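Thanks for coming, everyone. I will take you through one protein model. Please look at it before I start.

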Amino acid sequence: MTGICVLKNTIQEYAWGSYTAIPELLGRDSPADTPQAELWMGAHPKASSMAKCNGAWRSLLELIEENPQDILGEKVAEKFKNRLPYLFKVLAAEKPLSIQAHPSRDQAREGFEREKKLGIPLDAFNRNYKDDNHKPECICALSPFWALNGFRKISAMISLLERICPPGLKGELDLLHRKPDSIGLKHFFQAMMTMEHRFQKQVVDDAIKNVKQVRGENKAYQWMIELNKEYPSDIGIFSPVILNLIRLEPGQAMFLPAGTLHAYLGGVGIELMANSDNVLRGGLTPKHVDVKELLNILNFGECEINILNMERINPCEHRYESHAEEFALSVITVKTDMNYYSPDKRCVEILLCTDGNAVINDLANNNSVLIKKGMSILISAIVKKYSIKGDAVLYKASVPI
């Protein structure tokens, strides 16, 4: 097979997506007729990329099944059982996403088998586990990007809640006061999330009245108001005061391990994750919510956020610290007087061009491919060394080796 293949990727249309960000990246008519939320690059069974191989379009999933060592590399193929271990995305959030978390590998395997035995179809509305893999992920901002990531320090959480706490939540907050640790936090969160719907509505409505009086004191209060506009009376509107509220600037990134409660509130970013589509949701969504299962997988420890900045590894490439065995994210910038040359040891990579254009050249076979803004390329492990020449910015997904 050809070592360098152009990819054709699936766009996922979700209600929270942007009408402009992905079409403009791909050079298509903008705004789109429907919200375009995610561009998937990879070999997930739900939506595998198509790769142009020897002049014909083939499913990347099928190509890897036929040529695992050539495409993935011997070590990656052996370690990940002949599967591409990552899923690469462009995420464009015009509206907030659900509050959610992803299972560990063991939790995913157990949940997938359980739902399989129950006969729940993979595409069923109430299916939690779409595959048997975990889903650590990294998000890198292309635009200013607002997100929630992990539980705040409990002392800060209590302080924010005290200013806006409605009568219907006072008992739960008193519980957290008495036991300000992970056990108390779990009891508080569980009591809040499993409250009867009619009580939830009253609690949210009363809290929003209080929030409007102090909205200028903290950005978290403003986000509570914004979330209530999108999802009126949803208990998830408390998320900004119980989770860490973060604004990533373009070029900044953060890592989300399994069991971390989070939500993306708005912005455009590059997302790289283990090859999975397992999501447990708790609110702020019209999709399936399973609070009981979410509670089973959550980590209730206080979370300190480490913003990932780029580390220079050569004149053209900057890398984000990888916290996962399945993926590594880096940014390649080439100029007319500064070319990129791949390392001697490498494996399967997907490159996405976000600006400019360049030529990628397989140095052993003199096979070259033009890449421009919006295009993505698979470079198989069979390519021993390649160069990139031109004037462009490319995001690279690879596997740590």
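First, a definition: helices are DSSP runs of H or I with at least four residues, strands are E runs of at least two, and both are numbered from the N terminus. By that count, this protein has twelve helices and 21 strands. Its radius of gyration, taken over C-alpha atoms, is 22 Å.

Two notes on the source. This is a predicted model, where local features need pLDDT of at least 70, side-chain atom pairs count only at pLDDT 80 or more, and totals for chains, interfaces and linings use all residues. Residues are numbered from 1 along each chain as its sequence is written, and side-chain values use heavy atoms, with hydrogens and water left out.

Now the overall picture. The C-alpha trace spans about 70 × 50 × 40 Å along its principal axes. Of the 401 residues, 57% count as buried. Buried means under 20% relative accessible area, exposed means over 50%, and partly exposed lies in between, with a 1.4 Å probe and protein chains only. Contact means heavy atoms within 4.5 Å. Among contacts between residues at least 6 apart in sequence, 74% join residues at least 24 apart.

Helix α9 covers residues 197-214. How far apart are its end C-alpha atoms? They are 26 Å apart. The expected span is 1.5 Å times one less than the number of residues. For 18 residues that gives 26 Å, which agrees. The buried residues of α9 include Gln200, Asp206, Ile208 and Val211. Its buried residues pack against α6 (154-164), α8 (182-193) and α10 (219-230).

Finally, a strand. Why is strand β18, residues 349-362, called largely enclosed by the rest of the structure? Because ten of its 14 residues are buried.

Notes: Rg over C-alpha atoms; globule rule 2.2 N^0.38 Å.
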